[in-house]
Amino acid sequence: MVDESKLREKAAEVLAREDVRRLIGWKRGTYGFEAAPCVIKDASEAEALIFDPTCVQNPASFITLEEKKPVPRGQEADTRKIAVMVKGCDSRAIVQQLVEKAYDRDHVIVLGIPCLGVIDRRKAAALFGDVASQVSAKVDAEKVAVDVGGDVKTVDRKDILMDKCLRCRYPNPLVYDELLADEVEKWAGDEFADVGEFEGQSPEEKWAFWEEQFSKCIRCYSCRNVCPMCYCVECVVTKLQPQWTRRATDISENTVYHIQRAWHLAGRCIECMECQRVCPVDIPIMTLNRKLTRDVKEMFEYEPGVDVEAQPLLASYNPQDPEDFIM
Amino acid sequence: MGDYKFAKTKLAEVIGAMSDYQVVAPVESGEVVRFAVVDDPAKVTLEFSNTNVPPKELMFPETETLFRFRLGGTDLEPEVPDAAARRAVFGIRPCDAMAYTIVEKLYNWDFPDPYFNNRREATTLVGYACAEPCANCFCPSLGGGPGSEKGLDSIAFDLGDTMYLKTLTDKGEELVKALGGVLESAGEAEARAAAKQVEEAEGKIRRSIDTEGIAEHLPELYGHPFWEQFSDRCLSCGICTFLCPTCHCFDIQDESEGLDARRARMWDTCMFSEYSLHASGHNPRPTRKERTCNRVSHKYSFFPTNFDAIACVGCGRCINYCPVNIDLLDILEKSKQADAKEAQDA
């Protein structure tokens with residue numbers, strides 16, 4: 001596990017640099033299992049930074065979220081760097097953003113944190129109920145120790161960690177300028193068992209499932225906005241002229257939205273699972289993404305977000321593609 | 001008004017007896033509980049703290065048709081809900097019912113909105129008092145409470161094996177009459193147990209806000225750097241506003257299929273950048289900072305200035321569901337410490 005005092009020291013050191021504008025990390029949330037991603041601008045604020053299994057959010061999402069106001073005449077845009085702390089999965093988002101040339105490598109200082117897993121708050125609620133006091137936690141290769149107001153309980157990893165962590169292929173950051181702790185050993189492979197299970201159903205069963213799920217959608221677009229790969233300045237679903245997707249919430253428009261979202265992430269989704277985590281009505285969004293991830297892997301032998309030198313899937317051609325699906 | 005009771009095991013029977021009404025109640029789908037028209041009384045659940053999506057959608061649906069027309073034609077066919085229709089909403093929490101009393105001020109401001117008003121008039125609200133408030137509930141700070149009767153026609157209390165039902169208005173009494181003989185009459189014992197439960201529930205509420213002075217102070221903080229500690233991590237999604245029982249903003253759009261068209265309104269949110277985007281391309285709220293400031297200021301300053309009521313009922317949803325832990329109470333507390341002199345031009 002990363003030593004938090006070392007993490008704060010490093011953050012303060014980076015923020016003190018003249019060429020750094022801000023740092024994105026995590027701080028303790030206001031209640032329960034919450035951590036809050038935080039953007040700090042001054043070395044004095046580094047004291048608030050933490051890293052433990054409550055730090056679920058993907059800080060890479062915030063690099064492209066910042067909206068810049070027009071620069072007044074006579075002034076120059078602030079082009080100083082952004083420092084960002086990342087877990088293994090988060091780092092894949094940075095790799096993919098770099099592959100897509102969302103920004104230059106020089107634009108970010110990546111502080112990597114090897115990670116043994118983060119807490120799924122839905123699983124935590126099932127175990128601990130509605131917790132008001134601030135919770136901290138520790139994780140190792142066997143167990144998760146949860147500290148609720150001084151009362152420490154030890155829980156099995158599978159009962160509280162996010163599903164993505166149980167099948168994590170990349171616990172260590174894949175791109176970084178500095179690692180804040182020793183690399184951890186990998187513990188799992190990913191056989192896409194969840195996708196296989198879903199694929200086994202008939203088209204009628206699948207549609208009945210998605211019809212119910214999409215009907216719940218309130219189109220708050222939190223799944224889109226939290227996604228580190230959804231960084232288009234103007235999104236096709238909110239475009240008004242021409243309007244490709246109506247704003248009305250009904251099964252037809254909601255389905256259009258979800259299919260569009262999934263397809264736009266084909267060969268780009270880095271499986272941080274933020275979309276599913278944030279959904280206020282519990283739509284299992286990752287099921288669609290995971291199916292596409294596996295298809296892309298099998299059909300094109302491509303995995304996004306693992307190699308900064310790679311070409312984007314849809315902008316590359318490989319004569320050695322398996323092509324099994326072409327008649 | 002009257003005091004009634006029924007055995008909790010008879011819930012489905014009581015719901016079934018409301019056959020003169022269209023019944024809307026909390027129904028579980030997956031792990032999400034949401035208000036829905038009841039087709040099978042057995043599906044109604046009382047095992048929820050509060051619904052993820054608030055029942056504001058019962059008066060102000062996510063998407064509603066205002067009128068239909070033919071392209072090229074001049075006739076409009078309004079689709080105004082019938083005020084004389086009878087609808088019973090069973091199991092609404094006191095905070096969500098109180099929200100209607102706030103939002104209806106807006107819907108009757110410069111123009112009485114027949115869509116909202118007729119739905120409200122057609123509806124009899126049977127409340128459901130809270131015995132176990134959530135970690136982020138703070139309704140007493142806004143004049144509500146676990147047993148608040150504001151906006152309700154009757155209120156039910158879960159007393160273990162028995163549900164105690166207290167009617168509060170003529171409409172509430174009328175619904176009881178329509179039920180026929182399925183209810184028994186209740187007395188002092190149930191009323192006392194209910195009062196005790198409410199008192200205990202109030203004691204379990206851990207969060208609060210002193211709203212004194214906030215309405216006057218917030219407008220002085222426009223452009224203040226203190227907003228950035230929250231807005232820098234805001235995703236600009238619609239969770240806090242769509243799940244808010246008092247947020248009432250809507251967008252109006254025309255849609256057509258072939259020559260058949262409709263004008264519809266749908267939930268909109270001030271947290272989307274398109275919300276305040278002008279046709280010229282100028283956006284007066286260009287960043288999440290201005291949007292965060294607007295959301296909080298509207299609830300706690302602009303709305304009370306215009307309508308003499310804070311547009312918040314303390315249900316805690318915006319805190320519970322924010323993916324990045326932007327905590328309304330934290331913002332309000334920190335706003336008190338923010339010095340107006342440090343506010344900059346945005």
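Chain A is assigned domain 1, residues 4-179, and domain 2, residues 193-315; such bounds come from an automatic or database domain assignment. This is a predicted model, where local features need pLDDT of at least 70 and side-chain atom pairs count only at pLDDT 80 or more, while totals for chains, interfaces and linings use all residues. Residues are numbered from 1 along each chain as its sequence is written, and chains are lettered from A and ligands numbered from 1 in the order in which they are written.

In chain A, the C-alpha centres of domain 1 and domain 2 are 23 Å apart. Contact here means that the C-beta atoms of two residues, placed from the backbone, lie within 7 Å. By that rule, 20 residues of domain 1 of chain A touch 19 residues of domain 2 of chain A. On the domain 1 side, helix α2 of chain A, residues 88-99, gives the most, with nine residues. Helices (H or I, at least four residues) and strands (E, at least two) are DSSP runs, numbered from the N terminus. That side of domain 1 of chain A has 11 nonpolar, five polar and four charged residues. Nonpolar covers Ala, Val, Leu, Ile, Met, Phe, Trp, Tyr, Cys and Pro; charged covers Asp, Glu, Lys and Arg; the others, Gly among them, are polar.

Now chain B. Its domain 1 is 3-204 and its domain 2 is 214-342, with C-alpha centres separated by 26 Å. The contact takes 33 residues from domain 1 of chain B and 27 from domain 2 of chain B. Which elements give two or more residues to the domain 1 side in chain B? They are β4 (63-70) and α2 (94-106) of chain B.
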